[in-house]
Amino acid sequence: MRPPLLPTINASLNALAGIFLVWGYHAIRTKNIARHKKLMVSAFTCSALFLCTYLYYHLTSRGISHYQGKGILRIIYFMVLGTHTPLAMLIVPFIIMAIRHALRGEFDKHVRITRWLYPTWVYVSVTGVIVYLMLYILPT
């Protein structure tokens, strides 16, 4: 059975956000500020689109996806989901603050936030894809 379209789109947006984040990190480490800005705007756009489609899907779908796996996979799924979900909610205001500081040229404040925000945002992007794979793709 094919997975629903919107969860597939959501996982793709999460994956793209993660890729843009890693490329953006590499760009700033190599002092390519213009590329860093473009990649981080792309990561933010993917994450914002994800949030919109995720909320739309969960507000309009009749059934809620339930993980069907058993044993150790079930434990792993809920451990991943249990860290992914609160971190995904927690990072939203910090992403907005990081962007705000960057736009204002307050790069010391921007860096202070992004030192921990970057790995957390990458983690959320990767674990979002893992949750999708465990729910819809991997055999149970």
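This is a predicted model: local features need pLDDT of at least 70, side-chain atom pairs count only at pLDDT 80 or more; totals for chains, interfaces and linings use all residues.
1. Lys-31 is placed in the loop that joins helix H1 (5–29) to helix H2 (33–60). Its relative accessibility is 69%, so Lys-31 counts as exposed, the cut-off for that class being over 50%.

2. The backbone of Lys-31 deserves a remark. Its phi is near 65°, which is a positive value in a residue other than glycine. Most residues other than glycine have a negative phi.

3. Phe-50 belongs to helix H2. Is Phe-50 buried or exposed? With a relative accessibility of 17%, Phe-50 counts as buried, because the limit for that class is under 20%.

4. Once neighbours within four places in sequence are set aside, the residues in contact with Phe-50 are Asn-10, Leu-13 and Asn-14. For a further distance, the C-alpha atoms of Phe-50 and Met-89 are separated by 13 Å; these two residues are 39 residues apart along the chain.

5. Thr-53 is likewise found in helix H2. Excluding residues up to four places away in sequence, Thr-53 touches Leu-6, Asn-10 and Leu-13.

6. Which residue's side chain makes a polar contact with the side chain of Thr-53? The partner is Asn-10, and the contact is given at 2.3 Å. Asn-10 is therefore a polar partner of Thr-53, within the cut-off of 3.5 Å for such a pair of N or O atoms.

How values were computed. Residues are numbered from 1 along each chain as its sequence is written. Side-chain values use heavy atoms; hydrogens and water are left out. Helices (H or I, at least four residues) and strands (E, at least two) are DSSP runs, numbered from the N terminus. Buried means under 20% relative accessible area, exposed over 50%, partly exposed in between (1.4 Å probe, protein chains only). Contact means heavy atoms within 4.5 Å. A polar contact is a pair of N or O atoms within 3.5 Å; within protein, one must be able to donate a hydrogen and the other to accept it, and residues adjacent in sequence count only if both atoms are side-chain atoms.
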